[in-house]
Amino acid sequence: MLNPQRSLSELPKMSSTSQVERAVLEEEFNWLLREEVHAVLKQLQDVLKEASRRFALPSPGLETQLKQENFILGSSTSQLLHFQFRDDKQWKLQQIQDARNHLNQALHLLSCRDETYHFKTGAEVNKLMDAVMLQLTRARNRLTTPASLTLPELATGGLMKMFNPPMPGDVMVNFYINLSKLCLTVYQLHVLPPNTTKNFKPAGSSVVHNPGAMFELNNNRFEVSHVHKVECVVPWLSDALVFFTISLQLCQQLKDKISVFSSFWNSRSF
């Protein structure tokens with residue numbers, strides 16, 4: 001049977017213990033906001049600066065000092081085409097451009113909160129982490145998810161204007177990044193007769209189109225007869241993906257630490 005006197009006598013002790021625990025937790029939380037958050041931000045910046053070095057562009061006047069990267073795509077026994085990029089034009093992989101831009105944006109977000117900045121709430125930290133994670137996720141996705149394109153988009157894209165000598169009219173190519181690999185897809189085409197209407201079905205968007213895919217361009221209809229795909233590993237892309245993963249983990253770990261305290265501050269603006 002419940003003893004009212006015993007219960008009442010224990011209430012002050014329980015309340016005092018609760019206040020002490022709360023004071024200790026609040027002190028730990030303030031230390032987290034004051035010290036550990038900035039330690040994590042510094043670690044994040046260090047990791048992302050290493051990633052940024054992998055995307056570094058040559059500075060004016062330093063082109064001759066940089067080591068040129070050469071990649072072999074395909075086999076020495078296959079002599080389908082021989083071509084080179086034009087000297088008077090510059091072409092860049094959009095995936096690389098976008099990934100670098102998102103990475104730089106993440107670094108900018110972190111640099112706006114130097115060691116003198118005082119975070120007042122866990123929600124403020126989470127908001128920053130969410131913004132950084134969004135940019136890093138977008139950067140990683142640009143390398144892991146190649147764009148889907150239609151065949152007319154490939155035929156009229158900037159890449160097809162980059163070659164010397166120009167590509168034959170019955171050949172199209174596409175370069176793209178897939179994870180840490182540089183991929184080249186070569187499409188051989190043949191022109192469909194003008195009266196081909198019954199079985200003509202234009203292909204939609206795809207990363208790689210299969211033989212038999214059809215499209216129309218400049219009042220001509222084409223069908224893909226052969227597809228050749230070759231690829232090679234780019235080591236610095238592999239490094240960049242690892243740095244993105246480490247950084248995302250650091251952000252999530254900090255958010256997890258913040259969330260540990262959330263249950264103890266239901267009444268305060270967390």
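Is Leu 179 buried, partly exposed or exposed? In this predicted model, Leu 179 has a relative accessible area of 45% and is partly exposed, where buried means under 20% relative accessible area, exposed over 50% and partly exposed in between (1.4 Å probe, protein chains only). The model is predicted, with local features requiring pLDDT of at least 70 and side-chain atom pairs counted only at pLDDT 80 or more, while totals for chains, interfaces and linings use all residues. Residues are numbered from 1 along each chain as its sequence is written, and side-chain values use heavy atoms, with hydrogens and water left out.

Leu 179 lies in the loop between β3 (171–178) and β4; helices (H or I, at least four residues) and strands (E, at least two) are DSSP runs, numbered from the N terminus. The phi angle of Leu 179 is near 60°, a positive value in a residue other than glycine. A positive phi, near 65°, is also found at Asn 219, likewise a residue other than glycine. Asn 219 is placed in the loop between β5 and β6 (220–233), and with a relative accessible area of 73% this residue is exposed.

Ala 213 belongs to the loop between β4 (181–191) and β5 (214–217). Its relative accessibility is 12%, so Ala 213 counts as buried. Leaving aside neighbours within four places in sequence, Ala 213 is in contact (heavy atoms within 4.5 Å) with Leu 151, Ala 203, Phe 222, Glu 223 and Val 224. Ala 203 is 10 residues from Ala 213 along the chain, and the C-alpha atoms of the two are separated by 5.6 Å.

Two packed helices are described by the angle between their axes and the distance between the axes. Here, axes are lines fitted to C-alpha atoms, for helices over the stretch in contact, and angles run from 0 to 180 degrees between N-to-C directions. The axes of helix α2 (residues 94–111) and helix α3 (residues 122–144) cross at roughly 165° and come within 8 Å. This makes α2 roughly antiparallel to α3, given that angles under 35 degrees count as roughly parallel, over 145 as roughly antiparallel, 65 to 115 as roughly perpendicular and the rest as oblique. The α2 and α3 crossing is left-handed, a term for a near helix turned anticlockwise from the far one by less than a right angle. By class, the contact of α2 with α3 has 13 nonpolar, five polar and three charged residues; Ala, Val, Leu, Ile, Met, Phe, Trp, Tyr, Cys and Pro count as nonpolar, Asp, Glu, Lys and Arg as charged, and the others, Gly among them, as polar.

Gln 135 lies in helix α3 and is buried, with a relative accessible area of 12%. Not counting residues up to four places away in sequence, Gln 135 touches His 102, Gln 105, Ala 106 and Leu 109.

Helix α3 also packs with helix α5 (residues 235–262), at an angle of about 160° and with the axes 9 Å apart. The two helices are therefore roughly antiparallel to each other, and α3 passes α5 in a left-handed crossing. The contact of α3 with α5 has, by class, 14 nonpolar, seven polar and three charged residues.

The structure holds zero disulfides, a disulfide being a pair of cysteine sulfur atoms within 2.5 Å. The sulfur of Cys 232 has its closest cysteine sulfur in Cys 183, at 8.2 Å, too far for a bond. Cys 232 counts as buried at 11% relative accessibility, whereas Cys 112 is partly exposed, with a relative accessible area of 40%.
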